[in-house]
Structures are given as structure tokens and as C-alpha cells.
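Here are a few notes to go with the structure, for anyone opening it for the first time. Keep it on screen while you read.

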Amino acid sequence: MNTTIMLFLLQDGITNGAIYALLGLALVLVFAVTRVILIPQGEFVTYGALTYASLAAGQMPGTAKLALALGIGAFAFDLFVARKALHGRLVVRSLITNVVLPAIVLALTIYFAAQKPPVAVCIALSLVIVAMIGLYLYRIAFQPLAHTSVLVLLIASVGVHLALQGLGLLFFGAEGQRGPAVLSGAFTAGALRFTGQSITVYAITIAFIVGLWLFFGLTLYGKALRATAVNRLGARLAGIRTTLSGQIAFLLASVIGALSGIMIVPITTLYYDSGFLIGLKGFVAAIIGGLVSYPLTAVAALVVGIVEAFSSFYASNYKEVIVFMLLIPVLLLRSLAAPAVEEEKD
Amino acid sequence: MQSRLPIIVFALVMAAIPHLPGMPPFWIVLLDNIGLAALVAMGLVLLTGVGGLTSFGQAAFVGFGAYTTAVLTTSYGLSPWLTLPLSLVVSGSLAVLLGLITVRLSGHYLPLGTLAWGLGLFYLFSKLEFLGRNDGISAIPPLSVGSFKMLSPGSIYYAIWVAVIISALLTMNLLDSRTGRAIRALRRGHVAAEAFGVHTPRAKLLVFIHAAVLAGLSGWLYAHLQRAVNPTPFGAQAGIEYLFIAVVGGAGYVWGGVLGAAIVVVLKEVLQSYLPLILPGSGQVETIVFGIMLVALLQLAPGGLWPWLMSFLPERTGGRKPDTSLKLEQRPRSPGQSSILLQVEKARKQFGGVVAVNNVSFDVQAREIVALIGPNGAGKSTTFNLITGVLSATSGSISVLGRKVDKAPPQEIVKLGISRTFQHVKLVPDMTVLENVAIGAHLRGHAGPIASMLRLDRADEAKLLAEAARQIERVGLTEQMHQLAGSLSLGQQRIVEIARALCVDPMLLLLDEPAAGLRHMEKQQLAKLLRDLRDGGMSVLLVEHDMGFVMNLADRIVVLDFGTKIAEGTPATIKTNPEVIKAYLGVAA
């Protein structure tokens, strides 16, 4: 085989793998903290990407309105839950985070969308919009179910995925979109051409992995999240608000999803339903990492990306088959190595 | 056990529906689809709701069933009736293959693993030449009986619903049997079930195959209803949809699967046909509303709709008391070479750097009550786990009747006549006391899953239940026999565990803190029971913290402290042993 082709495929694989790594990390994070298998992760990707692309093209993205609608819903849920003991501070705080904030962002989006804003503004707005959607979704769909089984949470997650995908079609239409490169320009090293975009992908992925590592290792919130992941009841007894942990996890996951989307959309055309498959490949990486290990997930994601790149070159028809079947040997190994531990399920 | 009347009524109603005057043909199509989905959901009920194994991959098994008949009838001209068993065999054997890989996965690996191979297989369906790639296979012959061809949705309707009702009956029969109890115990972890001889990986594989065969049946019917197949209905989305059909209906209930199928199919249809009238012009509104309704439904009834509906019916209390005159043959006794039942020699267990059990040696003779005591963390329960094969010793040896059993799994230990209870009660809370206790007699029954489905197991089953009822009577819980185990007090649950252990017909009974949570009178009754058992020829090894109880009951006492044996002797000598007093009370009291 040709070395140039190999290097090229490798580079392509690593770029995709980096994105899968980010998504895999987010999935591991959300699952560990909330026990939700976050199927809508893919929608965070497409929402981020398409919001960014729409803004850059000077169009008004529907996601900003969705954020406000969900925020109003979250506010209503807050009021309903606290209906027996409503006091002013609580209402005002909930009103500000759930209604005023998305309203301001909506106003800004309308203002900027009319005048083709610079790339940085597009990125910032897209991230904030999707982050809010993630946060409010947790409040509306998952927080009321926090006590139920993983299976029920999973089905709720599917419901959210379906709803968001449908909304995606409504907001962005059936046509795919591409966005402008986050960083234009390119340089060549030997036979390889590095675009500004791929460099951005690497840099952001590494920054995020290091950032998450620092967050979990050094900050109090990070430690609280880890404590929740290990033992919910114990964490609550230690005074950690598990809903807060859930909110942080969803916030991080939606930001990571949106960011991944913004990084991919200049490279690949994304459609409203592209997110599902991209998210699933993140899943594959997360499973290989055992849903617990961040570094292993990151490495697995790179493998997934590379395998995908090579199989799309040699057997493009079977690309997806190969990627998903990659799991079987991994699962086999895991079953053989599985310790015989007792699990008590609720 | 269950009343057949509602099922007969249901069958008659379903049979009458197509003959109702003015029945829109479209409704029949809907009912066909409900039946097809119900078959798959029923398998998932057993797999996920009862067995605790979540699978996203069921759509792939539907695909196996559909493609098998499609290929064989179109390319090879086989009769559809001939391909029915073949479709089932193909889905079943692929389930064995995939199941061997996946069912051993624990917790969240399993659903994700099934999702992955579900997706992989979907892409395989759409890429393979002989399956017609994305276009699939068309011109599949209809089902026919003699010259009657089931061309219309109305004629295949009967085939579908006969399949649904028969499958439901078989599935319910299976659940209400020896094998069924083993399956129902799976969800609560495997240690308790294995302690009574249940081979849990095999039980898991069994439900996996059952679910896959039902899915294959649905696929076979689907292929002959549509008379064409393509990969779309066998993808990940469909796999997910089957799962939420089961969850919405009530994942632990066979009829919940049927109800869930009806709700989801009708809801989707209503949304697709009426929503555009309310909100015209917009694309996928029905998906959005469907997703939102799904979440709302789960928030309102997280357990599913079937149990929610059933809670309105008057509760049926009490079942029939089994006929206790039926006798179960005794477990064959191995000829005792020695009077020493159990010999523990220098048993040692290390967890990393921690030595939980440190070269402990003791024995249990025939007709003897031995107590294992010691402060918390002394290694008593670990010793129990070593003896019963839950853990294997780091070094040293354990022999039963002179035979070494160091590496034997729990299923083998119980066969030797050693049964146990657990420090933390391990009963299945949503099964009755009788059913829980009957798990103890698992190894003394012989009926397999097929016999259970066909109700050929009744003689065997009646004996098992009679034995369980006898042991329940023996421990004095006859009143509670038909109550759910989870509704009993903790002390009573411990007694249920003893009855379950007695069902093994053991020669040695291992009791882990049997008196904890009992009142004074109950403790006296328990002591009397244990003495009676000893006088009847059984030996008892027990861990207990209640010193009064132990001192009055035990023939011999072994004292552990920090994993090491510090004393052994009669109650009288132990009471005055300075080492023991030091261990319990600190330096010389």
C-alpha cells in the first residue's frame, strides 16, 4: 500500500477519532453521574453544527427559540415542584436561569443573525444555545425520572432523541449544511496537508481532555460529580445535590456535543439526522472504554476513527458493519475477563 | 395456577373482530401490526422485564426470521410452512451465537452491546448481495392452506393472532415453572440462584433464545404479510422501538407487551393521520409529539401501563395450597466414608493485601451444631463464601465427606448437600414465599423449559411445590405462603431463606446470622427447629452474634478474630477463654 495514502487515512481517522473521543467522554460522564445513556448526544452535535452554520449563513436558527421554550418548561417544572413552599428567591433564581437567560440569548441571536456575524460570535452563540437546551432537557425529561431504573431512563432518552430529531428537521430542513472553517489556512508537512480546521480539532480535543481531567481531579464540583457517580445515596448524605451534579453533567455533555458539531461541520456536510450515527460511534468508543475509563475511551475513539477511515477506503460498503462489529471482540474479551461480582439492582 | 378465563375471552374477542359489521379494513391492518410487534415485545418482557437483560437487537432477529423465509421461498421455492421452523431455527441459533458473547456482559454493557451488533447486522442486511441489498426481496409467496391463499391483511390476521396467543400462553407457562423461577431470580443477581444449583449463564441464554425465536416468528409472519422485505424495519430504530413498546406496556408482564404494542402502534398511526390536520405543512411533527408523549408517559407511569391498569382490579389473594402429600424423592446420599462432613484445612483468603481468612482450620461432624463467632470483620461470612464456592480460597483446602471441593462452583457444592442462607437476605421480592422457597428444590426437579411451556411438567412441579410448602410449614410460615416475599419483615425473610435452604434436603445447613431481626419468641422457635433438625440427622454451621442464642444451642463453637481462629471448644470453655474475652471486650475485663 502507498505510504501517502496510509498517512492520509491515518490523519483522517485521527481527526474523526478525536471527535468520537470527545463524544465518548461526554457519554461516559453523563452515564456515570445520572445513569442516563444519552442517545440525544448526537442531536447536540447536529444542533451545534447546524446552529453555527445557519448563523454563519445569516439565517435565524430555530434552536434559539427552542431553548426559550424549554426554559419556560423548566421554569414551570420548578414552580410545580416547589408549589407547596414558594419563596421569592427561588422563583427569581429559576426565572433568571430558565427564562430571562434564554430570552436574552434569543434577542442576541435575532440581532446577530440579521448581519452575518463573525465566526467567533457564531460559535459562542451556538454553544450557549445548545448548552441551555441540554440543561433544560435534564430538568424537564430526566430529573423527574432520576429515581427510576436505567431501562426507563434509556427509553426516556430515546423519546428525547426522537423529539429532538424531529425538531431538527423542522428547524434546519432536510438539506445538509456546511459551515465556514473555524480556522482557515493550511500548511504542509511532507506529503501531508494540515488544514487549520484539523489542527483546531486536535487542539480542542486535547484541551478538553486535559480540562476534564483537571476539573475532576482538582475542583470541588468535579469531585462532587465523581462522588455522585460512585454512590448517589452516599453523595447525597455527604451534602452533594445530585440534581446539581446531573445538571453539570448535561451542561458539559451538550457543550461537548455542540463543540464537536461545530468542528465537524466545516469538514463534512451534516444533515438534521446525522448526529445519531456520529453519537453511536462515540458510544462504541465509550463501550470499549468500559463506560468508566476516560483515557481508555479516548484511545478507543482514535481506534474507531482509524478503523473507519481505513474501511471506508478499502470496503466502503461495509464501513459501518466493520465499525460496529469492532465491538464484538472487545465484548468477548470483556466477558472473559469479567469478574464474578454480585450486582444488586433496584 | 392462573385463571384461563380472561385469555379465552380475549381470544374469542380477537376472533370476532374481523366479523364485526362495518369493521374498517384498515383497522385489521393495524391489528396485524400490533400482533407482530406484540410477539417481539413479549420476548423482550421475558428478556428485559423478567430476566433483567436489556436488548436493543431484537429487530435483527425479526430480520433473520423474515430474510430466511424470503430467501428460501423466492430463490429455492420452499413452501412457507416449511420455512417456518427454519426461520425459527435460524433466529434461535444466531441467538445462541450472539448470546454466548453478550449475555455474560453485566449491567450497561449488555444493552450497548446489543445496540452495536443490532446496527452492524442492519448494515449487513442492506449490503449483502443475496439479501437484495437496500432493495430487499420482493414477490414472497403468501401463506396458504390448501388452495386458500392468505393474500389480504384480514386472512393473515388469524395466523398472526393465533401465534400471539399461543406464544403468550407458552411464555406464561414457562414463567410459572421450575425454569421460570430460575429466570425470575436472575434480575436479583446470581449468587442466590447459583447457591441452589441454577446455572445462571444457561438461564440467561435460554431467555435470550426464547426472545429471539419469538422475534423470528414475528419476522416470518411479517415477510408473508408484506410479501416483501427490505432492511429498514430491522434497524436500530426498530430495535429501540420494540424495547419501548415493552417498557410502556410494563416490562415485567407478558400482556404488558401486547398492551404496549397496541398503544404504540395506535398512537403512531393516530399521530401520523391526524396531526397534519391540526398542524399542517410541517414535516416530522408526529415524531416530535411521539417522543414527548413517550417521556410524559414514563413520568406518569414509570412501571408501565399494564401494572397501572391491574392496580384497579380487586387484588386476588391467596393461591391454592399445594397438596403436601406428594413426596419428592430424597437427594441421593453419598456413602459417608467418615463422620466428618466438612473439613476446612488452613483455608486462606486474601483480597489484595487484606487477609480476610488466615489459615483457618475446623471441621463439622455429623449431627452437630457448630457456631462460628467473632467480632465484626472476623472473616465469618468470607469463610461461608469459601465453603459454598462463591469465593475460591487463596490457599488451603476444604473437603466435604473426604472429597476436596476447593475449586468447585456453588452449583456443585449444593449438589453435595450443603445449602445456605445469606447475611443480607437474597430473596426475589416480587415472587411469593412459596415460589422463593421452591427455588431451593431446583436441583430436585427435572422438567426442562420445553416441558414447562407445554405444561408437561405438572407432576414434577406439584412435587416441588409440595416440598416447598412442607418446609414453609416446618419453619412456621404457612400463613404467609402466598404473600410476596418482599412484603415480609426482615426477620421473617430470614426464616424464608432457611425454608429455601431446607428444600435442598441438605446434610449440612449453613446459616449466616439467622436470628438477626427475630423477636425473643421467634428465636426460641428457631433454636427448637435447629435442634430438631440436628436430632433428625442434619448438621448446622451458623454464624451468629446473639451470644445467648449461640451458647444455648451450639455443641461446639469456633471463634475467629481478624481472620484467625483464636479458640474452639464447647460453649462452657469458650465463655471462660481469656483470648475470646479479650477479642470481644478488649484487654482483660
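Predicted model: local features only at pLDDT ≥ 70, side-chain atom pairs only at ≥ 80, totals over all residues.

1. Strand β5 (residues 369-373) of chain B runs parallel to β11(B), and four bridges join the two. To find the pairing on screen, go to A371(B): its bridge partner in β11(B) is I557(B).

2. β11(B) has another partner as well. Strand β12 (residues 564-569) of chain B pairs with β11(B) in the antiparallel sense, over five bridges.

3. Why is β11(B) described as largely enclosed by the rest of the structure? Because five of the six residues of this strand (residues 556-561) are buried.

4. Now zoom out to the whole of chain B. You'll count 23 helices and 12 strands in chain B. Its C-alpha atoms fill a box of roughly 90 × 50 × 50 Å along the principal axes. Of the 589 residues in chain B, 53% are buried. Take the contacts in chain B between residues at least 6 apart in sequence: 75% of them join residues at least 24 apart.

5. Next, the place where the two chains meet. On the chain B side 43 residues are in contact with 44 residues of chain A. Helices α4 (80-102), α5 (109-127), α10 (236-249) and α12 (285-300) of chain B each supply at least two residues of the side that touches chain A. Which one gives the most? That's α5(B), with 11 residues. By class, this side of chain B has 24 nonpolar, 16 polar and three charged residues.

6. Finally, a helix in chain A worth a look. Helix α6 (residues 150-172) of chain A has 23 residues and reaches 32 Å from its first C-alpha to its last, close to the 33 Å expected at 1.5 Å a residue. Is α6(A) largely enclosed or largely open? With 20 of its 23 residues buried, α6(A) is largely enclosed by the rest of the structure. Just after α6(A) comes G173(A), which takes a positive phi of about 75 degrees.

Terms used. Residues numbered from 1 in each chain as written. Chains lettered and ligands numbered in written order. Buried ≥ 20, exposed ≤ 12 C-beta atoms within 10 Å, placed from the backbone. Pairing = 2+ DSSP bridges. Contact = placed C-beta atoms within 7 Å. Nonpolar A, V, L, I, M, F, W, Y, C, P; charged D, E, K, R; others polar. Expected span 1.5 Å × (residues − 1).
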